[in-house]
Amino acid sequence: MNQELDQVSESNEEEKEILPMIRPLLIQQNESEKIDRLKSFLSKNIRITISDGRIFTGSFLCVDSHRNFVIGSAEETQIRILSDETKKENKRTVGVVTIPGKHILKIESQSSNQSITPPLSLPSN
């Protein structure tokens, strides 16, 4: 019984020694997957829903280290529910817009039905 416990504790010790060496590789691989995923959205039409209920659609141009998204040829849509419970949709063209990452609830690609939902995990620089 003691031998088995010793073997288990030895294997845990080995894992403790190996894990710090492997962790940077796993993080790096994960980061490159995130970058590849974002690159797949570049120049595609996306739809971003933000915390106040507005929806922006347009061409994905870039994202910065603060998770602010920039979209071009953008259109803003506001959906309001009136007192008689009917929905009124207001649209306007806004051109190029920067959307702060802290307000983003959902990002969808209109062409491939892919989506990213918070917590928005983007590569760190």
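## Thr-77 in strand E3

Thr-77 is placed in strand E3, in a model that is predicted. Helices (H or I, at least four residues) and strands (E, at least two) are DSSP runs, numbered from the N terminus. Thr-77 counts as buried because its relative accessibility is 7%; buried means under 20% relative accessible area, exposed over 50%, and partly exposed in between (1.4 Å probe, protein chains only).

Not counting residues up to four places away in sequence, Thr-77 touches Gly-53, Arg-54, Ile-55, Glu-89, Asn-90 and Lys-91. Contact here means heavy atoms within 4.5 Å.

## Basis of the model

Residues are numbered from 1 along each chain as its sequence is written, and side-chain values use heavy atoms, with hydrogens and water left out. In this predicted model, local features need pLDDT of at least 70 and side-chain atom pairs count only at pLDDT 80 or more, while totals for chains, interfaces and linings use all residues.

## Overall architecture

The chain contains one helix and six strands, in the order α-β-β-β-β-β-β along the sequence. Of its 125 residues, 26% count as buried. The chain exposes about 9,000 Å², of which carbon and sulfur atoms supply 50%; such areas come from the Shrake-Rupley method with a 1.4 Å probe, and for residues only the protein chains shown count as cover. Among contacts between residues at least 6 apart in sequence, 47% join residues at least 24 apart.

## The pairing of E3 and E4

Strands E3 and E4 run antiparallel and are joined by 11 bridges; two strands pair if DSSP finds at least two bridges between them. Within this pairing, Ala-74 stands opposite Gly-95 in E4. The hairpin of E3 and E4 has five residues between the strands, and Glu-85 takes a positive phi near 65° there.

Val-96 belongs to strand E4 (residues 87–99). Is this residue, Val-96, buried or exposed? Val-96 is exposed, because its relative accessible area is 61%. The C-alpha atoms of Val-96 and Gly-72 are separated by 4.2 Å, although the two residues are 24 residues apart along the chain. Leaving out residues up to four places away in sequence, Val-96 touches Leu-61, Val-70, Ile-71 and Gly-72.

## Asn-68 and its surroundings

Asn-68 lies in the loop between strand E2 (55–63) and strand E3 (69–81). Asn-68 is buried, because its relative accessible area is 18%. A polar atom of the Asn-68 side chain lies 3.1 Å from the backbone nitrogen of Gly-101. Apart from neighbours within four places in sequence, Asn-68 is in contact with Cys-62, Val-63, Thr-98, Ile-99, Pro-100 and Gly-101.

## The largest nonpolar core

A nonpolar core is a set of buried Ala, Val, Leu, Ile, Met, Phe, Trp, Tyr and Cys residues joined through side-chain atoms within 4.5 Å. The largest such core has 14 residues, of which Ile-46, Ile-48, Phe-69, Ile-71 and Ile-99 touch the most other members. The elements giving two or more residues to this core are helix H1 (2–41), strand E1 (45–50), E2, E3, E4 and strand E5 (104–109).

## Confidence

The chain averages a pLDDT of 76, and 65% of the residues score at least 70; pLDDT is the predictor's confidence in each residue, from 0 to 100. Confidence is highest in E4, at a mean of 94, and lowest in H1, at 59. Over residues 1–11, pLDDT stays under 50, and the model has zero contacts beyond four places in sequence for these residues.

Definitions and conventions: A polar contact is a pair of N or O atoms within 3.5 Å; within protein, one must be able to donate a hydrogen and the other to accept it, and residues adjacent in sequence count only if both atoms are side-chain atoms.
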